[in-house]
Amino acid sequence: MSKSIEVNDLNVYYGDFLAVEGVNMRIEPRTVTAFIGPSGCGKSTFLRTLNRMHEVIPGARVAGEVLLDGDDLYGPGVDPVAVRRQVGMVFQRPNPFPTMSIKENVLAGVRLNNKRISKSDASDLVESSLRGANLWNEVKDRLDKPGGGLSGGQQQRLCIARAIAVSPQVLLMDEPCSALDPISTYAIEELIGELKSEYTIVIVTHNMQQASRVSERTAFFNIDGPGTPGRLIEFNDTGALFTTPTVQATEDYVSGRFG
Ligand SMILES: Nc1ncnc2c1ncn2[C@@H]1O[C@H](COP(=O)(O)OP(=O)(O)O)[C@@H](O)[C@H]1O
Ligand SMILES: [Mg+2]
């Protein structure tokens, strides 16, 4: 179920503004890849191009290729909704539907895809997705209660359950722990460690310790200054990127000299 992503010469625009320039990168299946870099260098922008969420912003577009196991996500006739089913996304702020029940939150993506699903299949999917997100034991007795009643960390795991309920091949996470307390952060990090046996995971994080803890590969992005495009500066095994970076800017960033 896990797929590779290959990015070739990708430029990402907001109207005339070139926000990210010339990215070439291969993301391996069943691995966690972290994106790090100073604020504004285009991590979120680039991440959103990997499931065609970027183009929902008016005027936003890309040039170049993003291949999912060799198939161009931006090829002619490719349905962006089908892309997003294969490449799920979890955001910075947990965004469950607050008044919708926990159960219906898990099923929301499936229902959006117009999949008919029997009552018993729905219950099985709710349980397996919540188990997959390490949330089942905490919510199994309150599945019909609103998702908004959960703690922040539980809401984020509910969003992960919703994302995995549609059986994606890739999970994109944009600073998924930045709104969470340390205990919830730990729970999400543990979960990422488990999910990587089934999914290709890409996580944006501003926390370098987190990148070291959860990822095998790390990509460092940077910008020269305001108004200039973000670029991929260095991409390597996480240990190597943090201990023996080959580019001065990477070393400056990972040693805390800027950003
Ligand atoms: N919706 C948008 N419209 C126009 N410009 C945007 C939009 N979102 C982000 N940008 C710009 O793109 C650049 C990269 O931003 P972003 O991807 O959010 O960086 P990061 O996630 O690394 O902090 C910034 O210059 C930012 O102002
Ligand atoms: Mg961001």
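The stops below go from the annotated span to the sheets, then to the helices, and end at the ligand.

Bear in mind throughout that this is a predicted model. Begin by selecting residues 5-248, the stretch that an unreviewed UniProt entry annotates as "domain: ABC transporter". The end C-alpha atoms of residues 5-248 lie 27 Å apart, and the span is 35% helix and 26% strand.

Next, colour the strands β1, β2, β4 and β5, which make up an open sheet of 4 strands in the order β2-β1-β4-β5, with antiparallel pairing. At its edges are β2 (17-27) and β5 (71-72), each of which pairs on one side only. Zoom in on strand β1 (residues 5-14), which runs antiparallel to β2 and is joined to β2 by 7 bridges; at I5, the residue standing opposite in β2 is I27. If you follow the chain from β1 into β2, you pass through a hairpin with 2 residues between the strands, and G15 in this turn has a positive phi of about 60°. Then move to strand β4 (residues 60-68), which is connected to β5 by 2 bridges, again in the antiparallel sense. Select L68 here, and its bridge partner in β5 will be D71.

Now turn to the other sheet, an open one in which 6 strands follow the order β6-β7-β8-β3-β9-β10 and the pairing is mixed. The edge strands, pairing on one side only, are β6 (87-90) and β10 (231-237). Across this sheet, neighbouring strands are turned by 20° against each other on average, if direction is ignored. Within the sheet, pick strand β3 (residues 32-36) together with strand β9 (residues 217-222): this pair is parallel and extends over 4 bridges.

For the next stop, show helix α3 (residues 102-112) and helix α4 (residues 119-132), whose axes come within 10 Å and cross at roughly 100°. Angles of 65 to 115 degrees count as roughly perpendicular, and α3 and α4 are therefore roughly perpendicular to each other. Which residues in α3 meet α4? Display the side chains of K103, V106, L107 and V110 in α3, which meet A122, L125, V126, S129 and L130 in α4. Sorted by class, this contact of α3 with α4 has 7 nonpolar, 1 polar and 1 charged residues.

Finally, centre the view on ligand 1 and select the residues around it, namely Y14, A19, G37, S39, G40, C41, G42, K43, S44, T45, I57 and G230. Which helix gives the most to this shell around ligand 1? Helix α1 (residues 43-49) does, with 3 residues. If you colour the shell around ligand 1 by class, you will find 4 nonpolar, 7 polar and 1 charged residues.

Conventions
Residues are numbered from 1 along each chain as its sequence is written. Chains are lettered from A and ligands numbered from 1 in the order in which they are written. This is a predicted model: local features need pLDDT of at least 70, side-chain atom pairs count only at pLDDT 80 or more; totals for chains, interfaces and linings use all residues. A residue is near a molecule or strand if its C-beta atom, placed from the backbone, lies within 6 Å of it. Ala, Val, Leu, Ile, Met, Phe, Trp, Tyr, Cys and Pro count as nonpolar, Asp, Glu, Lys and Arg as charged, and the others, Gly among them, as polar. Axes are lines fitted to C-alpha atoms, for helices over the stretch in contact, and angles run from 0 to 180 degrees between N-to-C directions. Angles under 35 degrees count as roughly parallel, over 145 as roughly antiparallel, 65 to 115 as roughly perpendicular and the rest as oblique. Two residues are in contact if their C-beta atoms, placed from the backbone, lie within 7 Å. UniProt positions are given in the numbering used here, feature names are shortened, and annotations may be inferred rather than shown by experiment. Two strands pair if DSSP finds at least two bridges between them.
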